[in-house]
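Hi,

Here is the structure I promised to pass on.

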Amino acid sequence: MREIITAGERPDLKKAAVAALRGEWPAFVLHDAVSNTHRQAVGEYFARYDVMLVEDGEVLALAVAVALRWDGVVSTLPDGYDGALVAAVTEHESGVAPDTVCVMSATVRPDRARGGLAGVMLTALRERAADAGLTRVIVPVRPTLKARYPLTPMADFHRWTRADGLHLDPWIRTHQRLGAEILAPAPNSMVVTGTVGEWEDWAAMAFPQSGHYVVPGALDLVEIDRERDHGVYRETNLWMRHPDIAASS
């Protein structure tokens with residue numbers, strides 16, 4: 001039997017699932033300082049949106065979202081993934097009533113990929129947002145295929161479509177099939193910094209001189225400055241908006 005439960009209901013399952021799925025993300029993504037700084041607050045404030053799909057005691061998929069306030073205008077969207085986290089936590093602590101759910105991630109176990117489970121998780125988050133009285137759903141999407149084209153600006157990549165009109169990227173298509181529309185690129189959605197040595201560990205490659213490098217799993221180039229012993233990665237994501245949630249009668 002499959003069921004959607006929160007991480008708070010089964011923290012033991014969540015811990016094991018996170019450990020098992022960490023390998024699905026590039027190592028450097030796990031060193032986003034903003035995400036790490038706000039992880040505990042997000043888990044506490046938005047526990048209802050920290051969900052797992054469980055079948056026979058095994059976690060098949062994870063999804064996390066936060067709640068924030070947004071007026072529906074593209075120009076006022078948060079600064080991507082990091083910006084949404086900061087806005088959600090800050091607004092919650094300031095007593096600002098949210099009206100929008102922002103989906104931060106949805107991860108499916110590799111052996112269950114392409115089975116529609118990501119859509120199940122997105123739908124589950126939407127239902128929880130409806131129960132909370134939220135009306136909008138947005139996502140700073142990290143396109144699956146963009147890492148193959150790190151030299152291509154997101155402003156160009158987001159226009160790449162197939163003959164059927166859907167996007168070339170499968171993760172973008174998942175959202176489109178649920179009715180989502182592309183809004184705009186989200187520059188500096190996630191910013192990761194570290195020493196040159198740390199970046200060489202995260203990327204499993206050498207950076208012999210200063211410059212911009214293509215790194216496996218990175219959607220954009222990584223900038224390395226050996227003189228300052230500093231590396232920085234500024235990832236561009238893609239804002240998408242799902243159909244608004246109808247107000248309950």
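The axes of H2 (residues 33-45) and H3 (residues 80-94) cross at roughly 45° and come within 10 Å; axes here are lines fitted to C-alpha atoms over the stretch in contact, with angles from 0 to 180 degrees between N-to-C directions. The crossing is left-handed, meaning the near helix is turned anticlockwise from the far one by less than a right angle.

On the H2 side, the contact (heavy atoms within 4.5 Å) is made by Val34, Ser35, His38, Ala41, Val42 and Tyr45. H3 brings Tyr81, Asp82, Leu85, Val86, Val89, His92 and Glu93. Sorted by type, that gives 8 nonpolar, 3 polar and 2 charged residues, with Ala, Val, Leu, Ile, Met, Phe, Trp, Tyr, Cys and Pro counted as nonpolar, Asp, Glu, Lys and Arg as charged, and the others, Gly among them, as polar.

A word on the source: this is a predicted model, where local features need pLDDT of at least 70 and side-chain atom pairs 80 or more, while totals for chains, interfaces and linings use all residues. Numbering starts from 1 along each chain as its sequence is written, and side-chain values use heavy atoms, without hydrogens or water.

As for the whole chain, it has 7 helices and 9 strands (DSSP runs of H or I, at least four residues, and of E, at least two, numbered from the N terminus). Its C-alpha trace spans about 60 × 40 × 40 Å along the principal axes.

Cheers
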